[in-house]
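Please keep the sequence and the model in view while going through the numbered points.

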Amino acid sequence: PPTASDNCPGVGLSTTHLPGSTFPIGVTTVTYTATDANGLTALCSFTVTVTDNQAPIVTTPPVTRNFTGCDVSAIGGPAYSATPTASSYAVFSDANNQGIASDNCGTISVSYQDMQSGICPITVTRTWTLSDGIFTTTASQTLYVNAPAVVLNCPSDETVVSCPDQTTIDMAFAAWLSSVSVSGGCNAVLSSDPTVPAAPSSN
């Protein structure tokens, strides 16, 4: 800090910024005011310029994530977006994504954009963009969307007694087939082989 003197004792010194203050990026004017016992003042000032010359640093990129579904709507935290979308460092670094980044000036804005490829499974490349307002850094994350497992629910076997004719066998097979169901998958289709052995002939 500067010093001040006066022909009369009792000079006070005040300032807009104390020594050791933290300054933002850009130019800040620091002003000292000397005031004597009669209220007369003298000023001196100087500027402090802080230049940011370092981009954010990603020390740990977001982890690979897996989702279950049939399209990109299954993706969450954050949702799929093919266009640049604002997010936050809290989301980038949460328990789902686990990314870690830092900046020498402490403030990071975050956005992301997704690109889809493949059908089943679907692969999404998510590009995170981190900015300190001057410089940007990107980090890539891979997301997989896998189809749900296909589950086939079959009823109990049909037992036809004695020696029925082919029509009876066909009806029993049709009744059994109508109670078969399938779940899971993406647009799962149930198909069957309707071929039934011919009824034995008797002499």
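1. Aspartate 52 has a relative accessible area of 4% and is therefore buried; buried means under 20% relative accessible area, exposed over 50%, and partly exposed in between, with a 1.4 Å probe and protein chains only. Aspartate 52 is placed in the loop between strand E3 (41-50) and strand E4 (57-60). Helices (H or I, at least four residues) and strands (E, at least two) are DSSP runs, numbered from the N terminus. Apart from neighbours within four places in sequence, aspartate 52 has contacts, meaning heavy atoms within 4.5 Å, with Ile25, Asp103, Asn104, Cys105, Asp132, Ile134 and Phe135. Between the C-alpha atoms of aspartate 52 and cysteine 186 there are 50 Å in space, and the two are 134 residues apart in sequence.

2. Residues are numbered from 1 along each chain as its sequence is written, and side-chain values use heavy atoms, with hydrogens and water left out. This is a predicted model, in which local features need pLDDT of at least 70 and side-chain atom pairs count only at pLDDT 80 or more, while totals for chains, interfaces and linings use all residues.

3. How high is the mean pLDDT of the chain? The mean is 87, and 92% of the residues reach 70 or more; pLDDT is the predictor's confidence in each residue, from 0 to 100. Where pLDDT is low, predicted coordinates should not be read in detail.

4. The largest nonpolar core has eight residues: Phe92, Ala101, Ile108, Val110, Tyr112, Trp128, Leu130 and Ala139. Such a core is a set of buried Ala, Val, Leu, Ile, Met, Phe, Trp, Tyr and Cys residues joined through side-chain atoms within 4.5 Å. Strand E8 (109-117) and strand E9 (122-131) are the elements that give two or more residues to this core. A second, separate core has seven residues, among them Phe67, Ile75, Leu143 and Val145.

5. Which two side chains meet in a salt bridge? They are those of arginine 126 and aspartate 114, at 2.7 Å from N to O. The rule asks for a side-chain nitrogen of Lys or Arg within 4 Å of a carboxyl oxygen of Asp or Glu, and by it the count is one salt bridge. Arginine 126 belongs to strand E9 and aspartate 114 to strand E8, so the pair ties together parts twelve residues apart in sequence. Both residues, arginine 126 and aspartate 114, are buried.

6. Two features of the backbone deserve attention. Most residues other than glycine have a negative phi, and most peptide bonds are trans. Glycine 77 and proline 78 are joined by a cis peptide bond, with omega about 0°, and proline 78 is in the loop between strand E5 (65-68) and E6. Glutamine 98, although not a glycine, has a positive phi of about 60°. Glutamine 98 lies in the loop between helix H1 (89-92) and strand E7 (100-102) and is partly exposed, at 40% relative accessible area.

7. Valine 180, in the loop between helix H2 (166-178) and E12, is buried, with a relative accessible area of 11%. Its C-alpha atom is separated by 5.0 Å from that of cysteine 154, 26 residues apart along the chain. Valine 150, in the loop between strand E10 (136-146) and strand E11 (151-153), counts as exposed at 55% relative accessibility.
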